[in-house]
Amino acid sequence: MTAMAHEPLTQEEVLLEGFLALDTPEGFRAELIEGEIVVTPPPDGDHEKYISRIVRQVIKQSRVDMDFSGNKGLKLRRGDACPKNHLVPDVTFGPIELDLFGGVGSWMGCEGVAMVLEVTSTKPKADREVKRRCYARAGIPLYLLVDRDTAQVTLFSEPKEDDYREHCARPFGKPITLPEPFAFSLDTTDLV
């Protein structure tokens, strides 16, 4: 009997395999963000209220009919020295005609995603900086960030390389315009 030689796994392959094998407690979510495994506890009520208020407006007012998924795993391009990023946005929007979520597994690519929404929670720096870079690198056209610490909503647009070239921030209570394919002013008075 002869033994087969196996190539040793790289550090990034070991990290990715370990991440994908995680068994997180119910309600928790695990993400692999630029080489770091981040586990987030279940969100509080205000976090979910903000998401609900925004999703309702998008569904009712968008020029293009939108489908959405809460906590859908996205596989994104890798950073410098880390495996492919695996992020779980609070909400992922895509045109309903593309049927992005039908028939996909736990993790999907980001082709066709129109916008991701994040509401800050226990690690706001990740939402403000690291996730923003990951979403831009993946070419996701719009990133809407609801920052509870600063009481403002920021829309990042025009992704190029590792960041968005444009951003527009409004305090809670002031409307923020979502461009095509949404094409409406998002009312943020319910976030005050």
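The legends below accompany close-up views of a predicted model.

**View 1. The chain as a whole, given as background to the close-ups.** The secondary structure of this predicted chain comes to 3 helices and 13 strands, and buried residues make up 41% of its 192 residues. Among contacts between residues at least 6 apart in sequence, 55% join residues that are at least 24 apart.

View 2. Six strands, in the order β3-β6-β8-β9-β10-β11, form an open sheet with mixed pairing, in which β3 and β11 are the edge strands, each pairing on one side only. From one strand to the next the twist averages 20°. Helix α2, residues 45–61, packs on the sheet and touches β3, β6, β8 and β9, its direction making about 155° with that of β8. Helix α3, residues 124–137, likewise packs on the sheet, where it touches β8, β9, β10 and β11, and its direction makes about 170° with that of β9.

**View 3. The pairing of β9 with β10.** Strand β9, which spans residues 142–147, pairs with β10 in the antiparallel sense over 6 bridges. Within this view, Y143 stands opposite F156 of β10.

**View 4. The surroundings of the lysine K72.** K72 is placed in the loop between β3 (66–70) and β4 (73–76). K72 is buried yet has no salt bridge, and the nearest side chain of opposite charge, that of D99, is 12 Å away. A polar atom of the K72 side chain does, however, lie 3.0 Å from the backbone oxygen of S106. Leaving aside neighbours within four places in sequence, the residues in contact with K72 include L87, V88, P89, F101, V104, W107 and M108.

View 5. E180 and P181 are joined by a cis peptide bond, with omega about 10°, and P181 is placed in the loop between β12 (176–178) and β13 (184–186). E180 also forms a salt bridge with R63, the closest N and O atoms being 2.3 Å apart. This pair links distant parts of the chain, since E180 is in the loop between β12 and β13 while R63 is in the loop between α2 and β3, 117 residues apart. E180 is partly exposed at 47% relative accessibility, whereas R63 is exposed, with a relative accessible area of 58%. At 29% relative accessibility, A183 counts as partly exposed.

**View 6. E161 and its backbone.** E161 is found in the loop between β10 (152–160) and β11 (163–171), and its phi is near 55°, a positive value in a residue other than glycine. Most residues other than glycine have a negative phi. E161 is exposed, with a relative accessible area of 62%.

**View 7. Further salt bridges between separate parts of the chain.** The count for the model comes to 10 salt bridges. R53 forms one of them with D190, with the closest N and O atoms 3.3 Å apart; R53 is in helix α2 and D190 in the segment after β13, 137 residues apart. In another, D163 and R132 have their closest N and O atoms 2.7 Å apart, and this pair links strand β11, which holds D163, to helix α3, which holds R132. D163 counts as partly exposed at 29% relative accessibility, while R132 counts as buried at 17%. Salt bridges that share partners also join E118, D127 and K131 into one network.

Key: Residues are numbered from 1 along each chain as its sequence is written. This is a predicted model: local features need pLDDT of at least 70, side-chain atom pairs count only at pLDDT 80 or more; totals for chains, interfaces and linings use all residues. Side-chain values use heavy atoms; hydrogens and water are left out. Helices (H or I, at least four residues) and strands (E, at least two) are DSSP runs, numbered from the N terminus. Buried means under 20% relative accessible area, exposed over 50%, partly exposed in between (1.4 Å probe, protein chains only). Lys and Arg count as positive and Asp and Glu as negative; His and the chain ends are not counted. A salt bridge is a side-chain nitrogen of Lys or Arg within 4 Å of a carboxyl oxygen of Asp or Glu. A polar contact is a pair of N or O atoms within 3.5 Å; within protein, one must be able to donate a hydrogen and the other to accept it, and residues adjacent in sequence count only if both atoms are side-chain atoms. Contact means heavy atoms within 4.5 Å. Two strands pair if DSSP finds at least two bridges between them. Axes are lines fitted to C-alpha atoms, for helices over the stretch in contact, and angles run from 0 to 180 degrees between N-to-C directions.
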